[in-house]
Amino acid sequence: MRRLRKVKIVATLGPASNTYEMIRTLHEAGADVFRLNMSHGSHEDITKLHRAIRQVEKDLDSPIAILADLQGPKLRVGEFANGSEELEWGEPFRFDLDDTPGTDKRVCLPHPEIFQALGVGAHLLVNDGKIRMRVEECGEDFANCIVEAGGTISNRKGVNVPDVVLPLAALSEKDRADLEFAAALGVDWLALSFVQRPEDVEEARKLCDGRAAILSKIEKPSAVKAFDEILAVSDGIMVARGDLGVELPVQAVPPIQKRLIRKCRAAGKPVIVATQMLESMIESPMPTRAEVSDVATAIYEGADAVMLSAESAAGQYPVEAVTTMNNVAISVEKDPTFTEVMENSRNIQRNTVADGIVAAAREIAETANVKAICCFTSSGTTAALVARERPRVPIIAMTSLRGTARRLSLTWGTNCVMTGELERFKQAVVNAARAARAQGYAGTEDNIIVTAGVPFNMSGTTNILRVAPCDERLIYSTDPE
């Protein structure tokens, strides 16, 4: 399904979007990737959603990526005798391992690993950061704190510990079971929550065993500090601004977002910007101007994808939210400033033949009347390298592997077309010309760029660039076998 934009749209599925009809409508409206939130719904529910997405894909003959988002370990306080308490600024408060119901002076924090990592001066945040406490004294089973930002604390509220790296694995027992289930089911991407260090990603990759690509969610300060190492072992990145905004000062999030996007672009790995992008559309058919500007900013920065969470999963206007995101993207990418930003922010180190091929393809496309860059790819690497260049013209990714086409649905600017296995370069050029014409990117009088690797069907062999006509008669009369 041809898109009129290059940035991709990720839509989370939930109660508002859990039928075949709605999933099809969302895909037709612009959703390229569907996110399955493993925090909600049973394995049976997830299986039904997966089956519906694959049926839409088959019926529309349009590759769709499925992203399973693992929950990650959840840190929560215990319960209170009164259900809740009011904490005031400057008051003392204690966390401990005693499971006695809490009071306005203390509560159980049933996570000994937190106490092991805490030090004096560290902070504990409760209820999405609404309550903030500073540690004054701590030991193996307690932490005496001072309330720095008060409010209502109640049963089972979440806890964030921003100042330390916790001795916790990113994968809980539930996550391990969900990972195995999702990988066996056949999802294309696995999003890993609570990443603190590259070892967290490597553990997930070992368990996944090549059945899905690994996407690391950056939602903790420790992940920001170790980002280069985490990026190196990840297949993609999600900038999870909600949790980052809890654990870091909110004013720190925009520059972090910009910096992480640029590093992902330079590495040629897809990056999603997520959380509260069109939050008001959960209840309103129209977004706020600030939300539209937020989405536009992520697109101007060169993000591969922007994501809807509750807007499409539980909101009243899921189709309108996807349509709005689609329209904003089309408008931004038509702006001459967008092209200037993409070209001025290009920061790529080229060290291989494939790097040179894709760079030449982009430069030729900018200086000649070329309508599209068609790249034949087995693993998806060539298409990702072309996308890294952020060319002005569309990218048509030609592959014989359905899994590769699905994963590339998350990559900027790529339009995936299935093709049979090839043995001759001339046939590759003919197939590329046919795809460009069939998808409406070019006519018989136009030229396209074709990149491929010989021998075919081998990863990492990109070594050919051809400016080719879309008129098959000219291809057969001029191209070598």
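Tutor: Asp32 and Arg3 are both buried, where buried means under 20% relative accessible area, exposed over 50%, and partly exposed in between (1.4 Å probe, protein chains only). This is a predicted model, in which local features need pLDDT of at least 70, side-chain atom pairs count only at pLDDT 80 or more, and totals for chains, interfaces and linings use all residues. Residues are numbered from 1 along each chain as its sequence is written, and side-chain values use heavy atoms, with hydrogens and water left out.

Asp32 and Arg3 form a salt bridge, with 2.9 Å between the closest N and O atoms. A salt bridge here is a side-chain nitrogen of Lys or Arg within 4 Å of a carboxyl oxygen of Asp or Glu. The pair links distant parts of the chain, 29 residues apart: Asp32 sits in the loop between helix H1 (20–29) and strand E2 (33–37), and Arg3 in the segment before strand E1 (8–12). Helices (H or I, at least four residues) and strands (E, at least two) are DSSP runs, numbered from the N terminus.

Arg54 takes part in two such pairs. With Glu57 it forms a salt bridge whose closest N and O atoms are 3.5 Å apart. Glu57 and Arg54 are three residues apart in helix H2 (residues 43–60), so about one helical turn separates them. With Asp188, the side chain of Arg54 meets in a salt bridge of 2.9 Å, N to O. Asp188 belongs to the loop between helix H4 (173–185) and strand E12 (189–192), while Arg54 lies in H2, so this pair ties together parts that are 134 residues apart in sequence. Glu57 and Arg54 are buried; the relative accessible area is 14% for Arg54 and 4% for Asp188, which is buried as well.

A search of the whole structure finds 34 salt bridges. Among the residues involved, Arg346, Arg350, Arg362, Glu366 and Glu389 are linked in a network.

Just after H15, Arg390 takes a positive phi of about 50°. Most residues other than glycine have a negative phi.

Two further residues have a positive phi. Asn127 has a phi near 60°; it is found in the loop between E7 and E8 and is buried at a relative accessible area of 18%. Arg156 also has a phi near 60°, but it lies in the loop between strand E10 (151–154) and E11 and is partly exposed, with a relative accessible area of 44%.

Six strands form it, in the order E6-E5-E9-E8-E7-E11, with mixed pairing; two strands pair if DSSP finds at least two bridges between them. Strand E6 (106–108) and strand E11 (159–160) stand at the edges with a single partner strand each, so one side of each has no neighbour in the sheet. Strand E7 (residues 123–126) and strand E8 (residues 131–139) run antiparallel and are joined by four bridges. Leu125 stands opposite Arg132 in E8.

Ser216 lies in strand E13 (residues 213–218) and is buried, with a relative accessible area of 0%. Its side chain is joined to that of Ser234 by a polar contact of 2.7 Å. A polar contact is a pair of N or O atoms within 3.5 Å; within protein, one must be able to donate a hydrogen and the other to accept it, and residues adjacent in sequence count only if both atoms are side-chain atoms.

As for covalent links between cysteines, the structure holds zero disulfides, a disulfide being a pair of cysteine sulfur atoms within 2.5 Å. The sulfur of Cys108 has its closest cysteine sulfur in Cys145, 14 Å away, which is too far for a bond. Cys108 is buried, with a relative accessible area of 8%.
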